[in-house]
Amino acid sequence: MPDTRPSRPDDDIRAFALRVWSYKQGEEVSLMIHLGDRLGLYRALAGAGACSAAELAERTGLHQRWLLEWLRSQAAAGLLASPDGERFTLPTEAVPVLADETSSLWFAAGAFHGTLHPEVVDALADAFRSGIGLSYDDLGPSAAHRVERMLGPWSRLALVPTILPALDGVEARLQAGARVADVGCGAGVAVLALAEAFPASRFDGYDPSQHAIHRAQQNLGQAGHPNVAFHLADAADLPDQPTFDLLLTLDCLHDMPRPAEAMAAIRRALADDGTWLIKDIRCGSTWQENLRNPLLAMLYATSVTTCMSSALSEPGGAGLGTLGLDPRRAEAMCRQAGFTRFAVHDFDDPANLYYEVRP
Ligand SMILES: C[S@@+](CC[C@H](N)C(=O)[O-])C[C@H]1O[C@@H](n2cnc3c(N)ncnc32)[C@H](O)[C@@H]1O
């Protein structure tokens, strides 16, 4: 018999409280994921079968009691399998998501960074009062590294083998020797992947974040490509004449305080037969369309802490934010900036769409 009694107000409050506390649980579990990634625990568990805290301690040199509590937290969160709370297995499907940073497009553990610095949280609260957000540099020196670990897999693993071959004539041009700019290059992962694949071409990365450019220089130092230069500069500082055959803006237009001006500068800097590749968040232009995204709340929260905040970090900023550049708006803005061709590519990147734009 179905229970037809009206629910008591207390039941509604209880259910709502549980929903709220589940986000607190997410916050705590997020920190555990960060620690698991940082301490190499997922990598130690990958392929190891059922493992006790003592065995994990032996493998990692870490303290058994701390590991047991961490292992239980992970099993409680459904990330490890453990029928008895004593032996723990990292499931096969978890390996590409939590342990395999070098060759998996699904790697996600790098996106977890623990809690924000209290001063950054204070500044965000102030932003609600002043209306002026935080630039990427205002988020502190570690922000560029966090972005690098979150977005790096797609730049490193998909750009050269999957994305560039889909753009009309671009690969051949890079093989022959072309000028390429990556605007909003962050830690330079995309530039370095391209420079390695196309040694005859020349690459310039631009970013207004000193922390990002510092990180990019460090990465360049390790990779040692002679055909790469990074510049502490924003989109408005691009050369005023047609210079580049390929221009990239990867996951950054919606972060820019003045995206329309950036697009106009990109048009001036791009050769008439050049290509502009935009990577931006996969989203629709209506609330209803976006409600289908199971991670919508995360995207809006990221917008508040990072994307919209950066896009409002100057007075009069456009403030597009994480979900602000859907394909319809992107195309309209590109046409406004003087581009006439706009094609959407879907590479099965769960977070992003790609736009091939030409004068
Ligand atoms: C989410 S990160 C993406 C970094 C990199 N493209 C990647 O895919 O890893 C956004 C970047 O946009 C940069 N940015 C913000 N405003 C900018 C502007 N006006 N011109 C160029 N880059 C900008 C930020 O400093 C940050 O490094």
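Trainee: How far apart are the centres of domain 1 and domain 2?
Mentor: In this predicted model, the centres of domain 1 and domain 2, taken over C-alpha atoms, are separated by 33 Å.

Trainee: And where do the domains run?
Mentor: Domain 1 covers residues 9–101 of the protein chain and domain 2 covers 118–358.

Trainee: Switching to the ligand. How many residues surround it, and which are the closest?
Mentor: There are 23 residues around the ligand. Gly184, Gly186, Ser209, Asp234 and Cys252 are the closest.

Trainee: How does that shell divide into nonpolar, polar and charged?
Mentor: The shell around the ligand has 14 nonpolar residues, five polar and four charged.

Trainee: Which element gives the most to the shell?
Mentor: Helix 7 does, with three residues. Helix 7 spans 142–157, and strand 4, at 202–207, also supplies at least two residues of the shell.

Trainee: Now helix 1. What span should its 30 residues have?
Mentor: Helix 1, residues 9–38, should span 44 Å, because the count is 1.5 Å a residue. The end C-alpha atoms of helix 1 are 44 Å apart, which agrees.

Trainee: Which residues of helix 1 are buried?
Mentor: Met32, Ile33, Gly36 and Asp37 are the buried residues of helix 1.

Trainee: What covers them?
Mentor: The cover over the buried residues of helix 1 includes helix 2, residues 41–45, and helix 4, residues 64–76.

Trainee: What follows helix 1?
Mentor: Gly40 follows helix 1, and the phi of Gly40 is positive, near 75 degrees.

Technical notes
Residues numbered from 1 in each chain as written. Predicted model: local features only at pLDDT ≥ 70, side-chain atom pairs only at ≥ 80, totals over all residues. Near = placed C-beta within 6 Å. Helix = DSSP H or I, 4+ residues; strand = E, 2+ residues; numbered from the N terminus. Nonpolar A, V, L, I, M, F, W, Y, C, P; charged D, E, K, R; others polar. Domains from an automatic or database assignment. Expected span 1.5 Å × (residues − 1). Buried ≥ 20, exposed ≤ 12 C-beta atoms within 10 Å, placed from the backbone. Contact = placed C-beta atoms within 7 Å.
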